[in-house]
Amino acid sequence: MLELRRNTTLMTRHYNFCAGPAALPTPVLERAREELLDYQGRGLSVMEMSHRSPEFVAIAEQAEADLRELLAVPENYKVLFLQGGASLQFSMVPMNLLGQGGSANFLYTGIWGKKALAEAKHLGFDVHMAGSSEPSGHAEVPTQADIALSADAAYLHYTANETIGGLEFDYIPDVGVPLVCDYSSSILAEPLDVSRFGVIYAGAQKNIGPAGLTLVLVRDDLLDRRCERIPSLFDYQAVAEAGSMVNTPPTYAWYLAGLVFQWLKHDIGGLEAMATINARKAAKLYAAIDASGFYSNPIALRNRSRMNVPFVLADASLDKTFLAEAEQAGLLNLAGHRSVGGMRASLYNAVPEAAVDALIDFMADFEQRRG
Ligand SMILES: *Cc1c(COP(=O)(O)O)cnc(C)c1O
């Protein structure tokens with residue numbers, strides 16, 4: 001038998017700046033803990049329920065309704081709850097949208113967009129780079145005027161927020177073909193005009209819930225463009241018809257995402273309110289970085305990510321000390337992505353403003369002592 005530690009009052013939650021899987025709102029975890037063994041008097045855990053049971057179907061439907069309300073999703077869009085992460089969408093999008101020919105066009109603004117392009121190419125689809133931030137060293141996204149679609153473009157794919165580089169679009173491209181957007185690291189950070197897009201997708205583990213769930217919003221008229229021999233689990237139309245239950249969905253992750261939607265609605269007060277808090281969090285961290293002579297961030301002001309703030313120390317030999325002292329101060333997961341190094345503070349919805357204040361205080365103190 002596992003010995004359970006019963007004294008949960010000893011538990012401390014530190015501030016978690018992880019890029020993903022990321023912080024979840026404490027009230028969500030508390031609610032999940034409360035319901036873990038016995039969901040609302042039913043005598044079993046959500047984890048132990050049939051996905052076809054009335055209890056779980058109600059949980060699933062409530063989550064979709066809350067998400068639709070939060071994002072004001074128009075009626076002609078399907079909401080799909082999938083697995084495979086955002087990375088599987090790199091293949092599913094071309095398989096669903098290129099069945100009638102044409103090429104996949106991409107804006108390349110960082111590592112995730114590049115992977116999306118590579119995956120479409122790997123499957124044998126025609127791909128075209130319609131714009132790139134590479135000339136600026138990924139410090140500035142291509143402008144609307146920079147975008148050059150191929151004549152046979154079936155859609156344009158871009159990454160709203162490049163999680164590793166900390167580069168975020170400050171506009172929604174306006175092109176004559178359906179827009180497909182990887183919103184993994186910034187969905188629900190602010191209100192969004194869903195009607196501008198053909199497909200929006202996001203892995204859950206940044207701003208939605210735990211890992212294992214992927215959200216896809218797809219416009220109805222795009223559901224009949226799929227390749228003929230697409231696996232049914234990859235087929236948006238088949239998944240939509242089955243209510244995202246072609247096979248067993250990630251039920252517990254779906255339930256937790258639903259609790260996050262409830263938290264956004266009732267505790268935060270919706271996405272306008274969330275956006276105000278997020279803007280304040282990011283603005284104060286960037287201001288602290290810019291005011292110091294020790295920390296820096298290279299991204300053009302208009303494209304600085306509000307969700308992922310990468311920064312470097314003037315003396316990289318202090319990186320390890322910085323991270324170790326930060327951890328001792330209860331500030332977790334500030335290391336930059338393994339591919340780029342440096343630091344990165346992810347300020348997703350569930351990271352409270354107090355966490356950002358604590359980080360800023362720590363950074364100032366560290367600079368004074370070591371800088
Ligand atoms: C994290 C992330 C991904 C990869 O997500 P997985 O769920 O691990 O496949 C893709 N795109 C963006 C923008 C991300 O932040």
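This is a predicted model: local features need pLDDT of at least 70, side-chain atom pairs count only at pLDDT 80 or more; totals for chains, interfaces and linings use all residues.
Side chains of opposite charge can pair when their charged atoms come close.

Next, select Pro-21, which is found in the loop between strand S1 (15–16) and H1. The peptide bond leading from Gly-20 into Pro-21 is cis, with an omega near -10 degrees. Then move to Gln-40, in the loop between H1 and H2, where you will find a positive phi of about 45 degrees although the residue is not a glycine.

Now show the surface and select Leu-36, Leu-37 and Met-47, which make a nonpolar surface patch of about 320 Å². Of these residues, Met-47 lies in the loop that connects helix H1 (26–35) with helix H2 (54–71).

From there, turn to the ligand and display the 13 residues around it, among which Ser-87, Thr-163, Asp-182, Gln-205 and Lys-206 come nearest. Which helix gives the largest share of this shell? Select helix H3 (residues 85–97), which contributes four residues to the shell and so holds that place by the DSSP assignment of helices. Coloured by class, the shell shows three nonpolar, eight polar and two charged residues.

With the shell still displayed, look at individual atom pairs between the protein and the ligand. A polar side-chain atom of Ser-87 is placed 2.6 Å from an oxygen atom of the ligand, and for Lys-206 the distance from a side-chain N or O atom to a ligand oxygen atom is 2.6 Å. Gln-205 likewise brings a polar side-chain atom to 2.9 Å from an oxygen atom of the ligand. Taken alone, the ligand exposes 380 Å², of which the protein buries 87%.

For the last stop, select strands S11, S12 and S14, which form an open sheet in the order S11-S12-S14 with antiparallel pairing. The edge strands are S11 (295–296) and S14 (343–346), each of which pairs on one side only. Zoom in on strand S12 (residues 308–313), which is joined to S14 by four bridges, the two strands running antiparallel. To finish, select Val-309 and look across to S14, where the bridge partner of Val-309 is Ala-345.

Conventions
Residues are numbered from 1 along each chain as its sequence is written. Side-chain values use heavy atoms; hydrogens and water are left out. A residue is near a molecule or strand if one of its heavy atoms lies within 4 Å of it. A polar contact is a pair of N or O atoms within 3.5 Å; within protein, one must be able to donate a hydrogen and the other to accept it, and residues adjacent in sequence count only if both atoms are side-chain atoms. Accessible areas come from the Shrake-Rupley method with a 1.4 Å probe; for residues, only the protein chains shown count as cover. Ala, Val, Leu, Ile, Met, Phe, Trp, Tyr, Cys and Pro count as nonpolar, Asp, Glu, Lys and Arg as charged, and the others, Gly among them, as polar. Patches are made of residues with over 30% relative accessible area and no salt bridge: like charges are joined within 9 Å, nonpolar side chains (Val, Leu, Ile, Met, Phe, Trp, Tyr) within 5 Å. A salt bridge is a side-chain nitrogen of Lys or Arg within 4 Å of a carboxyl oxygen of Asp or Glu. Two strands pair if DSSP finds at least two bridges between them.
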